[in-house]
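Please keep the sequence and the three-dimensional view at hand while reading.

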Amino acid sequence: MSGIPSVNNFPKPTYVTGGCLCGSIRYRAEFPEDHDFLKSSGSCQCTQCRRNTGALFFVAHNVPLRKFKFLTPTTTLKNFYATPGIQRGFCTSCGSFLYWHDESRPDVAIAVGCVDPEFLSEFGFALANASGNNVWCENEIKGVTDSMIGKERGTKWAKSSEEGIRM
């Protein structure tokens, strides 16, 4: 594919690899043939994700948990629970935030920024298009994050998508 990707035309990976900054944790995420790259891409602007990532919003891509595998030992992996039942996986050596996982759901939201560069350069739009749920948009910073994501595509939720308040 050549040109600028759009929601109707973009390359889709069959898998991606990624990991933490120091390299002690590596993973592979495979995508089923029927994976919805648009619906699976989203963002969060909650205070917890901001503090966890050090960024104004967290860009994530949901992958079936059964298709997410570690390629290295996980001795430096730790899950932090800011909210009961919600794992925030990070490396204890370098601090990289790798994923967010609601233990009641069959998917894991990988931190797109931890995907290997060769996949981001070719498949970045597929992974980070924000066409799915963009949550905690009531925390948008006017003039900054309110115009960065989810304006022309995706669903903007005031809080979580389960609370059902669209913006």
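**Briefing on the chain**

Strand E6, which spans residues 77–83, contains Thr83. The model discussed here is predicted. The points below begin with this strand and its surroundings, then turn to the chain as a whole, its nonpolar core, a pocket and a loop residue.

- When residues up to four places away in sequence are not counted, Asn79 touches Gln87, Arg88, Gly89 and Tyr99.
- With one of these residues, Tyr99, Asn79 forms a polar contact of 2.6 Å, side chain to side chain.
- From Asn79 to His101 the sequence separation is 22 residues, and the C-alpha atoms of the pair lie 9.5 Å apart in space.

**Strand E8: His101**

- His101 belongs to strand E8.
- Is His101 buried or exposed? Its relative accessibility is 6%, and His101 therefore counts as buried.
- A polar atom in the side chain of His101 lies 2.8 Å from the backbone oxygen of Asp107.
- Apart from neighbours within four places in sequence, the residues in contact with His101 are Leu65, Gly85, Ile86, Gln87, Asp107 and Val108.

**The chain as a whole**

- The chain is built with two helices and eleven strands.
- Read from the N terminus, the order of these elements is β-β-β-α-β-β-β-β-β-β-α-β-β.
- The chain has 167 residues, of which 44% count as buried.
- Among contacts in the chain with a separation of 6 or more, 57% are between residues 24 or more positions apart.

**The largest nonpolar core**

- The largest nonpolar core holds 32 residues, and the members that touch the most others are Val16, Phe58, Phe68, Ile110 and Val115.
- At least two residues of this core come from each of strand E2 (26–30), strand E4 (58–64), strand E8 (97–102), strand E9 (107–111) and helix H2 (117–128).
- Which element gives the most to this core? The element is H2, with five residues.
- Val115 is in contact with Val16, Thr17, Gly18, Tyr27, Ile110, Leu120 and Leu127, if neighbours within four places in sequence are left aside.

**The second largest pocket**

- What is the volume of the second largest pocket? The value is about 160 Å³.
- Asn52, Thr53, Phe58, Val59, Gly95, Ser96, Phe97, Ala111, Val112, Gly113 and Cys114 form the lining of this pocket.
- H1 and E4 are the elements that provide two or more residues to the lining.
- Sorted by class, the lining residues are six nonpolar and five polar, with no charged residues.

**Loops on either side of helix H1**

- Gln45 is located in the loop that runs between strand E3 (41–44) and helix H1 (47–53).
- Gln45 has a relative accessible area of 0%, and so this residue is buried.
- The side chain of Gln45 is joined to the side chain of Arg50 by a polar contact of 3.0 Å.
- Gly54 is located in the loop between H1 and E4.
- Where Gln45 is buried, Gly54 counts as exposed, because its relative accessibility is 69%.
- Gly54 and Phe97 are 43 residues apart along the chain, and their C-alpha atoms are separated by 9.7 Å.

Note on methods: Residues numbered from 1 in each chain as written. Predicted model: local features only at pLDDT ≥ 70, side-chain atom pairs only at ≥ 80, totals over all residues. Heavy atoms only, no water. Helix = DSSP H or I, 4+ residues; strand = E, 2+ residues; numbered from the N terminus. Buried < 20%, exposed > 50% of the residue type's maximum accessible area, 1.4 Å probe, protein only. Polar contact = N/O pair within 3.5 Å; in protein donor to acceptor, adjacent residues only side chain to side chain. Core = buried A, V, L, I, M, F, W, Y, C linked by side-chain atoms within 4.5 Å. Contact = heavy atoms within 4.5 Å. 1 Å grid on protein atoms, 1.4 Å probe; cavity = no way out; pocket = protein on both sides within 12 Å on 5 of 7 lines; lining within 4 Å. Points joined across faces, edges and corners; volume = space filled by probe spheres on them. Nonpolar A, V, L, I, M, F, W, Y, C, P; charged D, E, K, R; others polar.
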